[in-house]
Amino acid sequence: MITNNLVKAPEISTQATVNGKDTFTPGKDTPMKDVAKLTGLEVGQKYRLKEITLWRIQNGDIKNATPVYQADEDFVAKSETMEKVIETLVDTSKDDKNTSYVWTEKLAELDESDKEKEAAEHVDLTNKEQTVTPEIPETPKEEPKIETLHVLLQTNLCRMNNKVLGLRISLKKES
């Protein structure tokens with residue numbers, strides 16, 4: 001009898017959010033959150049969710065992405081499917097519409113001596129489910145103000161022997 005014992009390889013899928021949305025209003029302490037769904041785990045196996053990284057990307061330039069948060073987390077699989085929630089606060093107060101944040105992570109199985117064996121990764125810096133972007137509120141443009149100046153024009157002709165020698169004009173602002 002031939003048996004087919006396929007071993008499921010673990011997989012990672014994620015959903016990045018800020019307050020449940022994929023956009024945020026920039027601020028001093030922006031609560032970035034990533035929910036990593038891990039499937040195909042072996043119950044009782046020790047794992048390390050590693051190289052958990054939140055990347056800041058400017059102008060879509062993923063080659064020069066900057067890490068703003070990094071961590072590792074060890075755990076023992078309690079079921080074949082688990083969720084891990086990763087949260088951090090990020091200062092996004094200087095971000096503009098060309099800024100984005102992307103979460104990435106890797107999964108490793110650990111042996112008795114905590115030696116790692118790569119199991120899965122989720123490191124696509126262009127993946128929309130891993131990305132949050134700022135929503136910059138439009139600032140209303142101020143219309144130029146045109147003020148009407150009402151003036152009282154006074155003219156006096158300077159005469160001498162019925163000849164006009166000059167004209168004196170004075171302006172006064174009316175209140």
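Is Trp103 buried or exposed? Select Trp103 and you'll find a buried residue, with a relative accessible area of 0%. Buried here means under 20% relative accessible area, exposed over 50%, and partly exposed in between, using a 1.4 Å probe and protein chains only.

Before you go on, note that this is a predicted model, in which local features need pLDDT of at least 70 and side-chain atom pairs count only at pLDDT 80 or more, while totals for chains, interfaces and linings use all residues. Residues are numbered from 1 along each chain as its sequence is written, and side-chain values use heavy atoms, with hydrogens and water left out.

**Stop 1: the aromatic pairs**

The structure holds three aromatic pairs. Rings of Phe, Tyr and Trp (its six-membered ring) pair if their centres lie within 6.5 Å; planes under 30 degrees apart count as stacked, over 60 as edge-to-face and the rest as tilted.

Start with Tyr47 and Phe75: their ring centres are 5.7 Å apart and their planes meet at 20°, so this pair is stacked. Tyr47 sits in strand S4 and Phe75 in strand S5, so the pair ties together parts that are 28 residues apart in sequence. Strands are DSSP runs (E, at least two residues), numbered from the N terminus. Tyr47 is buried at 0% relative accessibility, and Phe75 is buried too, at 7%.

Tyr69 belongs to strand S5 and Trp103 to strand S7, so parts that are 34 residues apart in sequence are tied together. Tyr69 is partly exposed, with a relative accessible area of 23%.

**Stop 2**

Select residues 99–110, which make up strand S7. Of its 12 residues, 11 are buried.

- Strand S4 (residues 46–58) runs antiparallel to S7, joined by 10 bridges.
- Strand S8 (residues 116–122) is antiparallel to S7, with six bridges. Glu109 faces Lys117 in S8, and Leu110 has Glu116 as its bridge partner there.
- Strand S9 (residues 131–134) is antiparallel to S7, with two bridges. Val102 has Thr131 of S9 as its bridge partner.

Next, click on Asp114. This residue is in the hairpin of S7 and S8, which has five residues between the strands. Asp114 is partly exposed, with a relative accessible area of 33%.

For another positive phi, jump to Asn59, where the value is near 55°. Asn59 is in the loop between S4 and strand S5 (66–76), and at 55% relative accessibility it counts as exposed.

**Stop 3: the open sheet**

Show S1, S3 and S6. They form an open sheet of three strands in the order S1-S3-S6, with antiparallel pairing. Strand S1 (11–18) and strand S6 (82–90) stand at the edges with a single partner strand each, so one side of each has no neighbour in the sheet. S3 and S6 are joined by nine bridges, and Pro31 stands opposite Leu89 in S6.

Zoom in on Thr30, which is in strand S3 (residues 30–39). At 4% relative accessibility, Thr30 counts as buried. Its side chain has a polar contact of 2.5 Å with the side chain of Thr92. (A polar contact is a pair of N or O atoms within 3.5 Å; within protein, one must be able to donate a hydrogen and the other to accept it, and residues adjacent in sequence count only if both atoms are side-chain atoms.) The Thr30 side chain also reaches the backbone oxygen of Gly27 at 3.5 Å.

**Stop 4: the nonpolar core**

Finish by selecting Met32, Leu41, Leu49, Phe75 and Leu107. These have the most contacts inside the largest nonpolar core, which has 22 residues. Such a core is a set of buried Ala, Val, Leu, Ile, Met, Phe, Trp, Tyr and Cys residues joined through side-chain atoms within 4.5 Å. S1, S3, S4, S6 and S7 each supply at least two residues of this core, and the largest share, four residues, comes from S4.

Key
Pairing = 2+ DSSP bridges.
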